[in-house]
Amino acid sequence: MTNTSQIITCKAVVCWKVGEGVKIEEIQVDPPKSTEVRLKMLCSSICHTDITSIQGTPLFKFYPLALGHEGIGVVESVGDEVKSVKEGDMVIPVFVGECKECENCISEKSNLCMTYPVRLTGLMLDNTSRMSCRGHRLYHTLSCATWSEYTVIDVNYLVKVDPSINPAHGSFISCGFSSGYGAAWKEAKVESGSSVAVFGLGAVGLGVISAAKMMGATKIIGIDKNDMKREKGEAFGMTHFINPSNSGKSSSALVKELSGGMGVDYSFECTGVGPLLTESLEATKMGTGKAITLGSGTEPYVPFDPFSILFGRILKGSIFGGLKSTSDLPIIANKCIKQEFPLQELFTHEVKLTDIEQAFELLKQPNCVKVVIQI
């Protein structure tokens with residue numbers, strides 16, 4: 001379509017309020033405004049953040065919510081000020097932009113652009129929505145709302161990719177896998193010959209493992225209660241596996257047993273499970289250890305042992321793995337096209353958009369890593 005004045009009616013997944021689950025609804029998607037792009041989504045995938053947005057989390061306070069933030073799509077129409085993409089281009093939505101001019105972008109110390117920040121209001125930059133359902137304004141999840149046949153996103157939250165990319169793999173790198181990959185590559189800057197512990201071997205944790213291997217880590221310990229994750233971890237470069245359920249010892253103690261009693265150089269908490277924050281920090285070396293937290297849970301506060309950090313360890317939070325959307329994500333997309341990491345290992349299940357309820361059931365299966373939503 002080239003008529004940007006047309007409102008599109010399509011199917012989307014909507015959460016009307018916390019704890020109510022999801023529904024497939026017919027929604028209206030408005031035309032893009034001047035700096036915006038309307039996409040026809042090709043496929044999406046489920047990230048842990050999507051689950052917490054349905055269950056209730058401090059990050060999301062506005063409902064009804066048009067769900068989804070991972071995905072890949074094709075440009076259907078553009079606003080009159082959009083020059084960087086055109087109709088037919090394949091693009092990946094992201095939830096943090098990169099202006100290359102603000103204090104954070106210039107400093108290289110943070111990927112959290114101040115001009116195009118992570119938006120938790122559920123609204124576009126002009127504080128309005130482009131989606132509605134039965135007369136109700138819908139809020140866009142993290143500026144994206146990708147579990148919809150069509151969506152509207154500001155062009156500053158889009159990354160153009162080569163159309164040869166596998167759409168499912170493109171969806172995986174739009175958040176989960178890339179968040180983990182970036183955390184080891186950009187956030188921790190894992191050093192060659194170092195040791196790494198990864199708590200949680202979902203897509204984020206497997207991304208950490210992949211980048212840690214690329215950076216030259218020689219000991220990469222994966223921790224997960226699911227024994228079926230061992231094979232996945234090894235496919236990405238994991239050298240040791242711990243299932244804490246098989247021992248009466250803490251996860252941090254088990255990591256230290258595999259690292260000469262000292263702990264590892266870097267630790268990554270990828271689950272959002274509150275008590276693992278302290279465990280991930282305790283698993284690192286006293287005085288020099290660094291722990292990166294990537295998971296988001298539903299609790300506003302979590303228990304934390306201050307002595308873990310008092311003895312010289314560093315705890316750092318990370319959004320999107322420290323990746324800058326337009327500078328770094330194309331590098332990962334290029335690696336994806338060249339098959340430099342086995343993203344096919346993430347693709348375990350597939351559903352249609354209208355079968356989204358089935359996707360949540362599949363996530364409970366022990367062999368499930370990522371569910372692709374074909375749109």
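A crossing of two helices is called left-handed if the near helix is turned anticlockwise from the far one by less than a right angle, and right-handed if it is turned clockwise. The structure described here is a predicted model, in which local features need pLDDT of at least 70 and side-chain atom pairs count only at pLDDT 80 or more, while totals for chains, interfaces and linings use all residues. Residues are numbered from 1 along each chain as its sequence is written, and side-chain values use heavy atoms, with hydrogens and water left out.

Two packed helices are described by the angle between their axes and the distance between the axes. The axes are lines fitted to C-alpha atoms, for helices over the stretch in contact, with angles running from 0 to 180 degrees between N-to-C directions; helices (H or I, at least four residues) and strands (E, at least two) are DSSP runs numbered from the N terminus. Helix H5 (residues 203-215) packs with helix H6 (residues 229-236) at an angle of about 30°, and their axes lie 8 Å apart. H5 is therefore roughly parallel to H6, given that angles under 35 degrees count as roughly parallel, over 145 as roughly antiparallel, 65 to 115 as roughly perpendicular and the rest as oblique. The crossing of H5 and H6 is right-handed. In their contact (heavy atoms within 4.5 Å), Leu 206, Ile 209, Ser 210 and Lys 213 of H5 meet Lys 232, Gly 233 and Phe 236 of H6. These contact residues of H5 and H6 comprise three nonpolar, two polar and two charged, where Ala, Val, Leu, Ile, Met, Phe, Trp, Tyr, Cys and Pro count as nonpolar, Asp, Glu, Lys and Arg as charged, and the others, Gly among them, as polar.

Helix H4 (residues 176-187) and helix H10 (residues 325-337) pack at an angle of about 110°, with a distance of 12 Å between their axes, so H4 and H10 are roughly perpendicular to each other. H4 likewise passes H10 in a right-handed crossing. On the H4 side, Ser 178, Tyr 181, Trp 185 and Lys 186 meet Asp 328, Leu 329, Ile 331, Ile 332 and Lys 335 of H10, and the residues of this contact divide into five nonpolar, one polar and three charged.

Most residues other than glycine have a negative phi, and most peptide bonds are trans. The peptide bond from Tyr 63 to Pro 64 is cis, with omega near 5°, and Pro 64 is placed in the loop between helix H1 (48-55) and strand E4 (65-66). Positive phi values are found in Ser 143, near 70°, and in Ala 145, near 55°. Ser 143 lies in the loop between strand E9 (139-140) and strand E10 (150-154), and Ala 145 is likewise found in the loop between E9 and E10. Ser 143 is buried at a relative accessible area of 7%, and Ala 145 is buried at 0%, with buried meaning under 20% relative accessible area, exposed over 50% and partly exposed in between (1.4 Å probe, protein chains only).

The structure holds zero disulfides (pairs of cysteine sulfur atoms within 2.5 Å). Cys 144 is in no disulfide, and the nearest cysteine sulfur, that of Cys 175, is 8.7 Å away; Cys 144 is buried, with a relative accessible area of 0%. The sulfur of Cys 336 is 11 Å from the closest cysteine sulfur, in Cys 43, which is too far for a bond, and Cys 336 is buried at 6% relative accessibility.
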